[in-house]
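Okay, thanks for coming, everyone. Let me put the structure up, and then I'll walk you through a few spots I'd like us to look at together.

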Amino acid sequence: MLKSDLGARLRTAFDDDRDAETFLLRLERYGADLQGSLRAVYGEQADALQERLLEVLLHAYHARPADLRRLDEARLLRPDWLQTPDMIGYVAYADRFAGTLKGVGEHLDYLQGLGVKYLHLMPLLRPRPGENDGGYAVADYRAVREDLGTLDDLSALARGLRGRGVSLVLDLVLNHVAREHEWAQKARAGDPKYRAYFHIFPDRIQPDAFERTLPEVFPDFAPGNFTWDDQTQGWVWTTFNTYQWDLNWANPDVFLEFADLILYLANRGVEVFRLDAIAFIWKRLGGASQNEPEVHHLTRALRAAARIVAPAVAFKAEAIVAPGDLIHYLGTRAHHGKVSDMAYHNSLMVQIWSTLASRNTRLFEEALRAFPPKPTNTTWGMYVRCHDDIGWAISDEDAARAGLNGPGHRHFLSDFYSGEFPGSFARGLVFQYNPATGDRRISGSGASLAGLEAALEVGGDAGRVDDAVRRLLLAHAVVLGFGGVPLLYMGDELALLNDYAFTDTPEHAPDNRWVHRPRMDWELAGRVETAPDLPAARVNAGLRHLIHTRRDTPHLHASIESHVVPSPDGRVLLLRRDHPLGVMVQAYNFSEEEVLLPSHVLRDHLGDHATDRLGGSAFTFGPYPVRLDSYRALWLVQLEIE
Ligand code: GLC
């Protein structure tokens, strides 16, 4: 992009020399990535696209407000801002949390009190009316859902958050738009420019050819990947629901639209974009049409564009895919560290639940061992629960290495978490049973899956309540100790149970993921301090303690990897982190039993003495074993040598 005359030409677009200099330096820094990726995807069309993109970049750069430019500079000085141990994320539906965007603004003390520095507000751009997949069917990316407020409210909220050091995170749904989106409307009206924004086929020949190898995302309520549309007289690609039309990213116009949208929203104060369903954006006959190399080129190009105009902005990939595919979203080889800044660690979440059910950490160890290391400038998004169901993403290979049968174990987990398995503590619902594969995904809140709901059903049996509280805190300890951004899902700080009233709302009733998308219980939030024995209060206090401890534990910086240490006890997971300040070993007892761990196991890594950051106690690894009581977590660090 930086041809020799370009600099001179561009300078004329600026009144201010320093502004011009900044833009040109960034273009010089990211131009090659941009150009390389656009050429890889668009071939000969790339040059024309770049010319148009340059206009978009210049426009957005000029429009960038002063306070956000300041943030850009601050971020450039702190490129690891998403990796530091004080980063705590919170994920909430604005309406379920606080009614409106203004309402959210009234609860900033609450969020700050929890230590939140990253707030992901679930889809809030204007969706289609009626069913809209929890807002993931967007009808207008430049408007806010009417009942939540306006774009100006969003900017004001972003400003308020920024003033407290909290980053606003929004979803960017880029695989599809609502059938009611203007582009789809124009396509339906026959406008050829907009028909080319989608994948529309006149007959079943191509759809059938694709279907031979495509999986189904919602086999239950949206089987198949194509939907007949009368108005367009064609089969439209709809990976998700029939009303979510997949976009054709092979069309450079689509790229340009999204580059413009990202910068528009970034200038409104959005700091992190969650790239929704990013794995699906490139289609290729003969495969699953997921994780194609073009996806990573497109992300690299979008990121380069964002870095030029708004370097404060980061990308988080929502790719719920196998580890070998996932690592490409953070970048490998030529893309190393140049794609998304962050990606969900779905496997960690799956393994936590799998191990809580089996009380055996072998599979967890194998799954983590199979994970390739991530680029050191990237981070994981880690979570105990999120707004989606849990799919048992456990590979047959990992299972075999752990001495398990993959399908058998997945079957067990579905039985266990739907409460069918004898002795199960969980209360979950089966989501999207797929008779073809036997898959049964699971919906349910963290607390209900961890046993709190069942324990309270039997009259609050103290032992069972205690187990549930400890399970939840163990799960949070693993997430907070792993290195990355822990994403607390709204209500989990209060151990909120399943909300079965979702069936009363007609557009939610068919989708039982709403069982774990409750409304915030502010009354309970207010009681946790005065009633410390409530299960909610115990979880809340435990979680706050974990957050505080994490903040003061530099070993948890996300540039450092957590490695599995062979554990002599199948109930205990041992992880090691090698930080310049010293070694950290974490021990997690995934059972309700007391475990005696031979102390040489810890001495081999830590030396004779260590401190448990969580319990605050000192350990000497002498002849006696280390006692780990039920669901206990230890964060052991070497004593600092003065
Ligand atoms: C993502 C969202 C999920 C949604 C899907 C389609 O996976 O997390 O809730 O259904 O994308 O947009």
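Let's begin with a question: in which loop is A277 found? It sits in the loop between β11, residues 272-276, and α13. Keep in mind that this is a predicted model.

You'll find Q233 in the loop between β8 (226-229) and β9 (234-237).

Okay, on to α13 and its partner α2. Their axes come within 8 Å and cross at roughly 160 degrees. So α2 runs roughly antiparallel to α13, since anything over 145 degrees gets that label. The crossing of α2 past α13 is left-handed. On the α2 side, the contact residues include F23, Y30, L34 and Y42; on the α13 side, they include H297, L298, A301 and I308.

Last stop, helix α4, residues 66-77. Those 12 residues reach 17 Å from first C-alpha to last, close to the expected 16 Å. Which residues of α4 are buried? That would be L68, L71, D72 and R75. They span an arc of only 105 degrees around the axis, so they lie on the same side of α4. Over on the other side, A66, R70 and L77 are exposed. And the cover over the buried residues of α4 includes both α2 and α13, along with α8, β5 and α12.

Terms used:
Residues numbered from 1 in each chain as written. Predicted model: local features only at pLDDT ≥ 70, side-chain atom pairs only at ≥ 80, totals over all residues. Heavy atoms only, no water. Helix = DSSP H or I, 4+ residues; strand = E, 2+ residues; numbered from the N terminus. Expected span 1.5 Å × (residues − 1). Buried < 20%, exposed > 50% of the residue type's maximum accessible area, 1.4 Å probe, protein only. Arc of directions from axis to C-beta. Contact = heavy atoms within 4.5 Å. Axes fitted to C-alpha atoms, helices over the stretch in contact; angles between N-to-C directions. Parallel < 35°, antiparallel > 145°, perpendicular 65-115°, else oblique. Left-handed = near helix turned anticlockwise from the far one by under 90°.
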